[in-house]
Amino acid sequence: GAGIDSSWRSVRGRLVIGYVTSHFTSSSIGREMLFLLGSHSEQSVAAHCYALNSDEGSWLQHTWRTHIAQACHSFQDVSGMDDGAAAAVINQDKVHILIDLNGWSGGHRVSLITRRPAPIQVNYKNWVASAGIPSLIFNIGDRIVCPPELQADYSEAMVLVANSYFISGHRYQYRLDNPVQIASEVDAPKNVRAAARREHGLPEEHFLVANFNNLDKLEPRLWYEWVGLLRRHPHAALWLQKYPPAKAARVHDMAKEEGQIDMSRLVMTPFFKSDHHIGIKALSDVFVDNPTYNAHSTAMDTLWGALPFVSLPEEKMAARVGASLLMALDSAWGVVRSVEDMSSLVQQMMRRPNILRRLRRRLQTARHSAPLFDTVRAVRNLEISLRLMWEVHAADSSGLGGRERPHIISRDVGPIS
């Protein structure tokens, strides 16, 4: 846009990275960003945050926003500025790479992004698809969630980071030593696990198939597989979140309409506000993911709790997140090829408890050793990709605004001691 200077071509020392979003709150994006920002190398990156949302004033939102602000080089509220003024602020900070954490999601400022306040602008994290916005040059993903053979579906060039593109702070945010988490562990005595289930309104003895996604993600093919499982296996029960409430009421009615199902085997609970929600959810036996729009942060919760997770990757980016997380957790066994395979795997777990115990034990080990929950390692991998973006840009005298946009595949730095 007019008045925007993006002429600089080289950088010495630290890259200046800008993060712009309306999600600097206690939302899943906000929580994930806190730990991402806090893990940046101060020698390599100066992170600037630009909030498209104002401070809502509630204690919870204000607390997370304050922590986020403390974790970055600078934090500016641009929510009250028009697009030109906000773009000027970003440009004056000489941001090398601006990362848009909104895309077209609620609270977006696409019109700000189109002013190109930074030489390189990137789609990441919240809009799990190509944004189709010409001023966004790159899309950050990984080899599983954005396989190279599907690059024609993206307006952006692909940046494929090592392991998984998904970065969170579960290792630091959620302790695993609370009583309910201990009760969910594979070696917990049966009576302890049963008591924990009873305390949280769950059936004590049933094989509990769970899905903690928003019910807006529910689709007929998965619903009919669940109904079939309940009909074939009288000792099985289905556990869903009661959200949104209108959808929950409809799902309850659908189960009644199916007939031949004891309604006590459909468990619907509200969001658990307890800090121990990961352990509570891990009291179930398996999480069966939605194929069309996978669990994202909910899947991270599931896997950190060592709850077996089964996901079917399809073509869209949002339909491949579960597979990306499982592969980065060295848990390819949870990636299936069809809804029928998904059902078959769950039934094997039902019929052969030793398989279920073995998978849970693997997850309890992998969450501490595999790349997925190594936040610092993931951020170092991201920083390598950011540096490559800038080096490509700096070497190209015409910038990256043309039609030829190189894809970037970066290596893994390995475990961080």
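## Enclosed cavities

In this predicted model, the largest cavity holds about 70 Å³ of space. Ten residues can be found around this cavity's list of neighbours by name: Ala-162, Asn-163, Ser-164, Phe-166, Ala-328, Pro-371, Leu-372, Arg-377, Ala-378 and Asn-381. By class, six of the lining residues are nonpolar, three are polar and one is charged. Helix α15, which spans residues 375-395, gives the most to this lining, with three residues.

The second largest cavity has about 50 Å³ of space. Its lining is made by Tyr-124, Ile-140, Val-161, Ala-162, Ser-164, Tyr-165, Ile-167, Ala-378, Asn-381 and Leu-382. Here, too, the largest share comes from α15, with three residues. Eight of the lining residues are nonpolar and two are polar, with no charged residues. Overall, the count comes to five cavities of 30 Å³ or more.

## The largest pocket

Now for the pockets. About 1400 Å³ of space lies in the largest pocket. Which residues sit closest to its centre? They are Ser-28, His-277, Ser-297, Thr-298 and Asp-301, out of 41 residues that line the pocket.

Several helices take part in this lining: α1 (28-39), α2 (59-71), α5 (170-173), α10 (277-281) and α11 (297-304) each supply at least two residues. The largest share, four residues, comes from α1. By class, the lining has 12 nonpolar, 19 polar and 10 charged residues.

## A closer look at helix α11

Helix α11 is one of the contributors to the largest pocket, and it is mostly covered, with seven of its eight residues buried. The buried ones are Thr-298, Ala-299, Met-300, Asp-301, Thr-302, Leu-303 and Trp-304. What lies over them includes α5, α10, β11 (286-288), β12 (309-310), α12 (321-328) and α14. Just after α11 comes Ala-306, with a positive phi of about 60 degrees.

## The second largest pocket

The second largest pocket has about 630 Å³ of space. Its lining is made of 21 residues, and those nearest the centre are Lys-190, Arg-193, Asp-285, Leu-356 and Arg-357. By class, the lining divides into eight nonpolar, four polar and nine charged residues. Helices α7 (190-199), α13 (339-351) and α14 (353-369) each supply at least two residues, and the largest share, five residues, comes from α7.

Is Lys-190 buried or exposed? This residue of helix α7 has a relative accessibility of 77%, over the 50% cut-off, so Lys-190 counts as exposed. Between Lys-190 and Glu-204 there are 9.5 Å in space, C-alpha to C-alpha, and the two are 14 residues apart in sequence.

## The sheet and the nonpolar cores

Eight strands form an open sheet with parallel pairing, in the order β3-β2-β1-β4-β5-β6-β7-β13. Strands β3 (74-77) and β13 (408-409) are at the edges with a single partner each, so one side of each has no neighbour in the sheet. Further in, β1 (residues 15-21) pairs with β4 (residues 97-100) in the parallel sense over four bridges. In this pair, Gly-18 stands opposite Leu-98 of β4.

The largest nonpolar core has 114 residues, and Tyr-19 and Met-389 touch the most other members. Apart from this core lies another, of 18 residues, including Val-78, Val-89, Leu-98 and Ile-133.

Note on methods. Residues are numbered from 1 along each chain as its sequence is written. This is a predicted model: local features need pLDDT of at least 70, side-chain atom pairs count only at pLDDT 80 or more; totals for chains, interfaces and linings use all residues. Side-chain values use heavy atoms; hydrogens and water are left out. Two strands pair if DSSP finds at least two bridges between them. On a 1 Å grid over the protein atoms alone, a cavity is a set of points where a 1.4 Å probe fits but cannot get out, and a pocket is an open set with protein on both sides within 12 Å along at least five of seven lines; lining residues have an atom within 4 Å of a point. Grid points are joined across faces, edges and corners, and a volume is the space filled by probe spheres set on the points. Ala, Val, Leu, Ile, Met, Phe, Trp, Tyr, Cys and Pro count as nonpolar, Asp, Glu, Lys and Arg as charged, and the others, Gly among them, as polar. A nonpolar core is a set of buried Ala, Val, Leu, Ile, Met, Phe, Trp, Tyr and Cys residues joined through side-chain atoms within 4.5 Å. Buried means under 20% relative accessible area, exposed over 50%, partly exposed in between (1.4 Å probe, protein chains only). Contact means heavy atoms within 4.5 Å.
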